[in-house]
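Please have the sequence and the model open while I talk.

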Amino acid sequence: KNALARKAEEHMTKTKNALSGDKNTFFPVQQTLFYVVVTALSVMISTNGCKQPTVGTQKEQTESTGGTISFTETEVKHAKGFSIEYTGDHKILKIVNHFGSRTDTLAYALVQRGRPAPDGFEKSHVIEIPVRNVVGMSSLQIAMADFLNSSEVITGLASFKYVSSSKLRERIKQGKVQEVGEEGTINSEAIIAMGPDLVMAMGNPSASFSRYQTLIDAGIPVILVSEWLEHTPLGRAEWVKLMAALLNKEELVNKKFAAIEAEYKRLAEIGRNAPVKPSIIVGMPYKGSWFVPDGTSFMTCFFKDAGASYAWYNTKGTGSMGMSFESVAPIALKADYWINCGTADTKADIASRDQRYTYFRPYKNNTIYNFNKKVNDLGSNDYWESGVVNPHLVLSDLIKILHPELLPAHSLVYYKQIL
């Protein structure tokens, strides 16, 4: 009993230290994180009076050595693309995969190392945890691992070009991470030789598992991560709990995510209650089509929570819509702000692409803002990496842009003004 108590106390101390020391990932102003965490958990408990959450439930499992380990369950509340069930001495991870107009739910058994797998699961659907080496095919896996202070588990990446994390870049320099090829050019033989515990790939409705069949036949589990299909920023960010389940770090993710959740909701209350809703136009034409987020997109939820007026709130689709320049231009001519304008870095850059952009009101009024403030020397944009698991910072930026008087002390993190 004393040994278990000491172990639990040591783990809690490490968690608290990790939270307090990660100020760049958390809030841009000095705050007492412990207070935020406690407040967030209190709110969660008080607002779920009829529902008994599994968060915080302690479990003990017997290891092959005869000892025990303790872990805390996590509850998926916002994300719709995956779920986690805790059964006996293992976890069941269910992933919703989208293939064209069809969806399938695949189940994986997460089994503690040294323990037998439950019946009914093929080898490629059994994952020993905590995972020790993971091949990540998108920057999201980097953000997940960093969030949980576990960057060392990423041993393979699709490409080194899209890495913002300083920890991962250092590991790449040390030769501890292998480049395995992007979608369509995956080096399956190299991955099999690495022998990873898991490959985490990007879910794409136009793709299928067939491209990973060689890995699956070799018994390597492959999970398709489709966080970009979530309808809310919190749902998208909550995919970090999937990584936490793979690492047995539910206690840490519960505390950190609860703090982010509470802060996001606080900010959304401010933004949605703004007395004036400035109109916005989003994006820039690509190969003849101007893609804008539809009403089901997590990006559209950001706009609502930031207190913006947006022309396509009530449209439904699969996340974005391709429109013609002529359809968007009448709205852009009168918009108050232009947000997320591709890779544009200056107004001159925008004008060089199409002189008609210079007639838009945001161009004339210098109210163009893009999410490329944190682009590194390799051209990697941290908005698509750490921004995914820090939706409160993205929302803070948007509120600061649209309603600067509501967050006077905030400095933009991912966005910058285009001049």
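Strand E10, residues 198–202, pairs with E11 in the parallel sense, over 4 bridges. Two strands count as paired if DSSP finds at least two bridges between them. Helices (H or I, at least four residues) and strands (E, at least two) are DSSP runs, numbered from the N terminus. In this pairing, Val 199 stands opposite Val 222 in E11.

Before I continue, note that this is a predicted model: local features need pLDDT of at least 70, side-chain atom pairs count only at pLDDT 80 or more, and totals for chains, interfaces and linings use all residues. Residues are numbered from 1 along each chain as its sequence is written, and side-chain values use heavy atoms, with hydrogens and water left out.

Back to E11. Buried means under 20% relative accessible area, exposed means over 50%, and partly exposed is in between, with a 1.4 Å probe and protein chains only.

E10 and E11 belong to an open sheet of 5 strands, with the order E9-E8-E7-E10-E11 and parallel pairing. Strand E9 (178–179) and strand E11 (222–225) are at the edges; each has a single partner strand, so one side of each has no neighbour in the sheet. At the E9 end, 2 bridges join E8 to E9, and these run parallel. Leu 157 stands opposite Glu 179 in E9.

Ser 151 is buried, at a relative accessible area of 8%. What does Ser 151 touch, leaving aside its neighbours within four places in sequence? Its contacts are Ala 145, Asp 146, Lys 167, Leu 168 and Arg 171, where contact means heavy atoms within 4.5 Å.

Strand E15 (residues 337–339) and strand E16 (residues 368–370) run parallel and are joined by 2 bridges. Trp 338 stands opposite Ile 368 in E16.

Rings of Phe, Tyr and Trp (its six-membered ring) pair if their centres lie within 6.5 Å; planes under 30 degrees apart count as stacked, over 60 as edge-to-face, and the rest as tilted. How many aromatic pairs are there by this rule? The count is 21 aromatic pairs. One of them is Phe 303 with Tyr 310, a tilted pair at 5.2 Å centre to centre, with 55° between the planes. Phe 303 is buried at 2% relative accessibility, and Tyr 310 is buried at 5%.

Phe 325 and Phe 360 form a stacked pair, 6.2 Å centre to centre and 20° between the planes. Phe 325 is in helix H11 (residues 325–334), while Phe 360 is in the loop between helix H12 (347–353) and helix H13 (361–365), so the pair ties together parts that are 35 residues apart in sequence. Both Phe 325 and Phe 360 are buried. Ring pairs link Trp 290, Phe 325, Trp 338, Tyr 357 and Phe 360 into a cluster.
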